[in-house]
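This note is meant for a colleague who is opening the structure for the first time. Please read the points below with the sequence and the model side by side.

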Amino acid sequence: MRDLEKKAFPATAGAVALCCAFAGVTLFRIRPRDPIFEVLSITFKGFKFRFCTDSPLLLAIIDAELILSIKVINPNVLPIEYTSTVMDIFYHGDLLGQAKVDEGSQDANSQEVLKVVAKLDGLEMTNHLAQLVSDVKNREMNLHSVVTIKGNARLWKWTHAFEVM
């Protein structure tokens, strides 16, 4: 009888080890991860005419509007939620404009393209007029954007808060 118990123990230990390994791999694969935000394209929408009321002189200013296409990839096996935020757009180190990213949610293991309208300040663009004209002539413009998007992904009682910059 004792010989039978000794032989059964290694098989039971192997099964337990296999179950633990399977559980560990499964938890590793379904762990919450940060989503990926990537700017796909920037499209010129048009100009907006306005008057500057900040100065004693009445100045006519032409602002530019852009449409940013932002690809959001959710690699999680659970949906995510993110808060609204403002994206700052810089040109040669100066703040040129902003775009509002609305709050939203996304399904598990999915990709989505967000269309965000950015407004570029015409008064600030006049400070870089020669560089802008040169960039438009070359059909290439270097814009730098800064944004921090906060949100969370929940799996039962396991909440993964993320902050993507």
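**Notes on the predicted model**

1. Phenylalanine 47 counts as exposed, because its relative accessibility is 60%, where exposed stands for a relative accessible area over 50%, buried for under 20% and partly exposed for the range in between, with a 1.4 Å probe and protein chains only. Phenylalanine 44 is partly exposed, at a relative accessible area of 46%.

2. Some remarks on the basis of these values come next. This is a predicted model, in which local features need pLDDT of at least 70 and side-chain atom pairs count only at pLDDT 80 or more, while totals for chains, interfaces and linings use all residues. Residues are numbered from 1 along each chain as its sequence is written, and side-chain values use heavy atoms, with hydrogens and water left out.

3. The protein contains 3 helices and 10 strands, both taken as DSSP runs and numbered from the N terminus, a helix being H or I over at least four residues and a strand being E over at least two. Read from the N terminus on, the order of the elements is α-β-β-β-β-β-β-β-α-α-β-β-β. The protein is more spread out than a compact globule, because its radius of gyration is 26 Å, well over the 15 Å that the globule rule gives for 165 residues; the radius is taken over C-alpha atoms, and the rule is 2.2 Å times the number of residues to the power 0.38. The C-alpha trace spans about 105 × 30 × 25 Å along its principal axes.

4. Of the 165 residues in the protein, 28% are buried. Among contacts with a separation of 6 or more, 63% come from residues 24 or more positions apart, a contact being heavy atoms within 4.5 Å.

5. An open sheet is formed by 6 strands in the order 1-2-7-5-4-8, with antiparallel pairing; two strands pair if DSSP finds at least two bridges between them. Strand 1 and strand 8 (144-146) stand at the edges with a single partner strand each, so one side of each has no neighbour in the sheet. Direction ignored, neighbouring strands of this sheet are turned by 25° against each other on average, with axes fitted as lines to C-alpha atoms. Within the sheet, strand 2 (residues 59-74) and strand 7 (residues 110-120) run antiparallel and are joined by 11 bridges, and leucine 66 stands opposite alanine 118 in strand 7.

6. The count of aromatic pairs comes to 3, under a rule by which rings of Phe, Tyr and Trp (its six-membered ring) pair if their centres lie within 6.5 Å, planes under 30 degrees apart being stacked, over 60 edge-to-face and the rest tilted. Phenylalanine 37 and tyrosine 82 form an edge-to-face pair, because their ring centres are 5.7 Å apart and their planes stand at 90°. This pair links distant parts of the chain, with phenylalanine 37 in strand 1 (residues 36-52) and tyrosine 82 in strand 3 (residues 80-82), 45 residues apart, and both residues are buried. Phenylalanine 44 and phenylalanine 47 are also edge-to-face, because their centres lie 5.0 Å apart and their planes are at 65°.

7. The structure holds 6 salt bridges, each defined as a side-chain nitrogen of Lys or Arg within 4 Å of a carboxyl oxygen of Asp or Glu. Glutamate 65 in strand 2 and lysine 45 in strand 1 are 20 residues apart, and they form a salt bridge whose closest N and O atoms are 3.7 Å apart. Glutamate 65 is buried, with a relative accessible area of 7%, whereas lysine 45 is partly exposed at 49%. Lysine 48 also forms a salt bridge with glutamate 65, at 3.8 Å between the closest N and O atoms, and salt bridges that share partners join Lys45, Lys48, Glu65 and Lys119 into one network.

8. Aspartate 121 and arginine 50 meet through their side chains in a salt bridge of 2.7 Å, N to O. Aspartate 121 lies in the loop between strand 7 and helix 2 (122-125) and arginine 50 in strand 1, so the pair ties together parts 71 residues apart in sequence.

9. Which residues does asparagine 76 touch, not counting those up to four places away in sequence? They are Arg31, Pro32, Arg33, Ala108, Asn109 and Ala153. Asparagine 76 lies in the loop between strand 2 and strand 3 and counts as buried, at 0% relative accessibility.

Note on methods:
Axes are lines fitted to C-alpha atoms, for helices over the stretch in contact, and angles run from 0 to 180 degrees between N-to-C directions.
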